[in-house]
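Please study the sequence and the model before reading each solution.

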Amino acid sequence: MELPGALQLGELAAAFASVPVFPLFDAAYFIVSVLYLKYEPGAVEMSRKSPFASWLCAMLHCFGSYILADLLLGESPIHYFSNNSSVILATAVWYLIFFCPMNLFYKCVSFLPVKLIFVAMKEVVRVRKIAAGVHHAHHQYHHGWFIMMATGWVKGSGVALMSNFEQLLRGVWKPETNEILHMSFPTKASLYGTVLFTLQQTHWLPVSEANLIFFFTMFMIVCKVFMTATHSHASPFAPVEGFICPVFFGSVSSGHTSHHNQHGHCHEASYQPPPPVKSKEELNEGTRKRKAKKAE
């Protein structure tokens, strides 16, 4: 009984992995990406003042992962823009979200039940891009594990790793929002996912690519839909990271903190601040008092 079930699951995974992502899933990916752009402060005003800059930001949100992956593999960063159908579709989505009369398109796609469907469809594209990035890098660098991981990671992370550059196009500079320093859930999940796909591609993980795509996509859909529906920013990896990271990478110890505080207190105790400098009026007042005493 288990063998037919396994075969049926394998066939389902193979059929799922062969479903084309263009145009429906790509359209959902573009819609969610441009929605996040519109949520950025000042994005709507910029679209009115400089539509071209707004369009460039939208293209980075839609195709930033391809640009970074091409740069890593030594290819032209504008190579993907030769895909006219995708660029036209992304441009149409950008125009409808920003300039549709009465914001009808934006209101429809940002309606939460509809948005959750698009979020789920976007995760399908994300996992496919991770798998495609690892597969592409494996063809050029058969034993380059770290190259495969880097390519798959940037393919899955999208514009997040280019967020500072995209902010510059909008006239904003926020270096503290660096995605590498403060990874969001999609960036972390893409990193962990690309490790799995690299292990699978190099035959260290005994599972088919179709099965890995299917199960990892289901994991991403469940997590992202739940986080979007509950407006949560908490990472599902946080409990595991909170347990593992202190063991392997250490944590800020209280002893170090107390030593730092004691050192600071000792330094403060040994350091006597200079007496306050008297103002010109106080000096003149003192001079007048001394002259009055001499006169008496």
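**Exercise 1.** Which residues does asparagine 211 touch, not counting residues up to four places away in sequence?

*Solution.* Residues are numbered from 1 along each chain as its sequence is written, and side-chain values use heavy atoms, with hydrogens and water left out.

Step 1. Asparagine 211 belongs to helix H11; helices (H or I, at least four residues) and strands (E, at least two) are DSSP runs, numbered from the N terminus.

Step 2. With residues up to four places away set aside, asparagine 211 touches Leu9, Gly10 and Ala13, where a contact means heavy atoms within 4.5 Å.

Step 3. The side chains of asparagine 211 and serine 208 are joined by a polar contact of 3.1 Å. Such a contact is a pair of N or O atoms within 3.5 Å; within protein, one must be able to donate a hydrogen and the other to accept it, and residues adjacent in sequence count only if both atoms are side-chain atoms.

**Exercise 2.** Is isoleucine 147 buried, partly exposed or exposed?

*Solution.* Step 1. Buried means under 20% relative accessible area, exposed over 50%, and partly exposed in between (1.4 Å probe, protein chains only).

Step 1. Isoleucine 147, found in helix H8 (residues 145-157), counts as partly exposed because its relative accessibility is 31%.

Step 2. Leaving aside neighbours within four places in sequence, isoleucine 147 is in contact with Leu73, Ala137 and Tyr141.

**Exercise 3.** Describe the backbone at proline 23, asparagine 103 and histidine 203.

*Solution.* Step 1. Proline 23 lies in the loop between helix H1 (2-17) and helix H2 (24-39), and the peptide bond from phenylalanine 22 to proline 23 is cis, with omega near 5 degrees.

Step 1. Asparagine 103 is in the loop between H5 and helix H6 (104-110); although not a glycine, asparagine 103 has a positive phi of about 55 degrees.

Step 2. Histidine 203, in the loop between helix H10 (185-201) and H11, is not a glycine either, yet has a positive phi of about 65 degrees. Histidine 203 counts as exposed, because its relative accessibility is 73%.

**Exercise 4.** Where in the chain is helix confidence lowest, and where is it highest?

*Solution.* Step 1. The secondary structure comes to 14 helices and zero strands. Confidence is given by pLDDT, the predictor's value for each residue, from 0 to 100; the chain has a mean of 85, and 82% of its residues reach 70 or more.

Step 1. The lowest mean, 44, belongs to helix H13 (residues 254-270), and the highest, 97, to helix H5 (residues 84-99).

Step 2. Residues 291-296 stay under 50 in pLDDT and have zero contacts beyond four places in sequence. Where pLDDT is low, the predicted coordinates should not be read in detail.

Definitions and conventions
This is a predicted model: local features need pLDDT of at least 70, side-chain atom pairs count only at pLDDT 80 or more; totals for chains, interfaces and linings use all residues.
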